[in-house]
Amino acid sequence: MHAEFERQSMKRLLWGGLALVVLMFSCKGKQAEGVADDAPVDSVDSVVQDTVPVDTMEQLITETPMPRAADELFDDFLFNFAANRKLQMERVAFPLPTIKGRDTVRVGREKWQMERFFMHQDFYTVLFDNEQQMELVRDTSVSEAVVEKVYFNTGAVLQYRFKRLKGAWMLLEQRTEPIAANRNASFLEFYHHFVTDSLYQAESLGETVQFVGPDPDDDFAQMEGILTPDTWPAFAPELPDRMIYNIVYGRPSAPSDKKIFVMRGIANGLELEMTFRQQDGRWYLVKLVN
C-alpha cells in the first residue's frame, strides 16, 4: 500500500511538472515541433536531441528523489529517466553499446547526451498486439522493455533496450535497424501510408468501423456507432506522420494480424485507441475509441 502511494505521488508530480511546462511554453508556439521527427538516423552517433526547454520540469523531478516504487513499473521509471539528468546518468550502463548493422560503438559517460524521449511533445504512442498485451503496462513482473523511435523519413528504428537488474531499471543498449527488419514492419509501412494518403485511408476502413467517442453535438456526452466512408472525415483523428514511438513491454511476441495503436496525452487527458486487423495481406481499421 505504501509503495503504491509513493508511485501515485510521483505520477502526480510528473504530470504536474509536465502541465506546468506545457503552460509555460504554449504561448511560444511550436517552433521546435518536429525537430526530432525529421532528424536523420544516418549513423550510430546521430542521437536526436529535443530542443524545447524543460529545465523547470527537470528541477521539479530532480529535487524529489525517485521513490523505490517507481522502479516497479517501467512507465514510472521512464518518465523519471527522461526528466532527471542525474538519474539518467546513473541508469545508463556506460560505456553503452550503440549498434548499427555490424558496427558497434561504445559511448562513454562524457559523450552521452541527455535523452528526453517524448517529453518535448504532448503525447506518445504505443503499439500492442492484443488487449492482454496492454495489461503488461501495469504488470510489476515485467523486467525488460524496449523504447522505439520510428523515423518514417529515414526508414529507421532507433531502439533503447532496458532491463531491470537487482530491482533497478538500466539502459543496456542502443540499436538502429531498418523499419523493414522490425517485427512491426508490415503495420508500420501501412500506418505511414494510412496517415499520409487520405484516399488510401478511406479505402483502409473495415466493412464496419466501431466508434466510441465524444458526441460532436454535446461536449459532455459519449456516443457509439458505426463509421462509414461518408462519416469518417468528421471523426478521423489527427495522427503523427513523421515519427512515432513504441514501447515493447517484456519479451516481444510473434507477429500478429491485429494491432492496437494507442496515442496517450502527457498532462492533457488525451486517450486514443485504434484497432486494425490484417486480412489477405492488407490492414484495415475496425475500431476507433476516442
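Guide: Let's start with a term: buried means under 20% relative accessible area, exposed over 50%, and partly exposed in between, using a 1.4 Å probe and protein chains only. This is a predicted model, where local features need pLDDT of at least 70, side-chain atom pairs count only at pLDDT 80 or more, and totals for chains, interfaces and linings use all residues. Residues are numbered from 1 along each chain as its sequence is written, and side-chain values use heavy atoms, with hydrogens and water left out.

Visitor: So is Lys 258 buried or exposed?

Guide: Lys 258 is buried, because its relative accessible area is 11%.

Visitor: And which element holds Lys 258?

Guide: Helices (H or I, at least four residues) and strands (E, at least two) are DSSP runs, numbered from the N terminus. Lys 258 belongs to strand 10, residues 258-265.

Visitor: Which side chain forms a polar contact with Lys 258?

Guide: A polar contact is a pair of N or O atoms within 3.5 Å; within protein, one must be able to donate a hydrogen and the other to accept it, and residues adjacent in sequence count only if both atoms are side-chain atoms. Here the side chain of Glu 131 pairs with that of Lys 258 at 3.0 Å.

Visitor: How do strand 7 and strand 8 pair?

Guide: Two strands pair if DSSP finds at least two bridges between them. Strand 7 and strand 8 (residues 218-227) are antiparallel, with seven bridges, and they form a hairpin with two residues between them. Strand 7 (residues 205-215) also runs parallel to strand 12 (residues 282-289), with four bridges; Phe 211 has Leu 288 as its bridge partner there.
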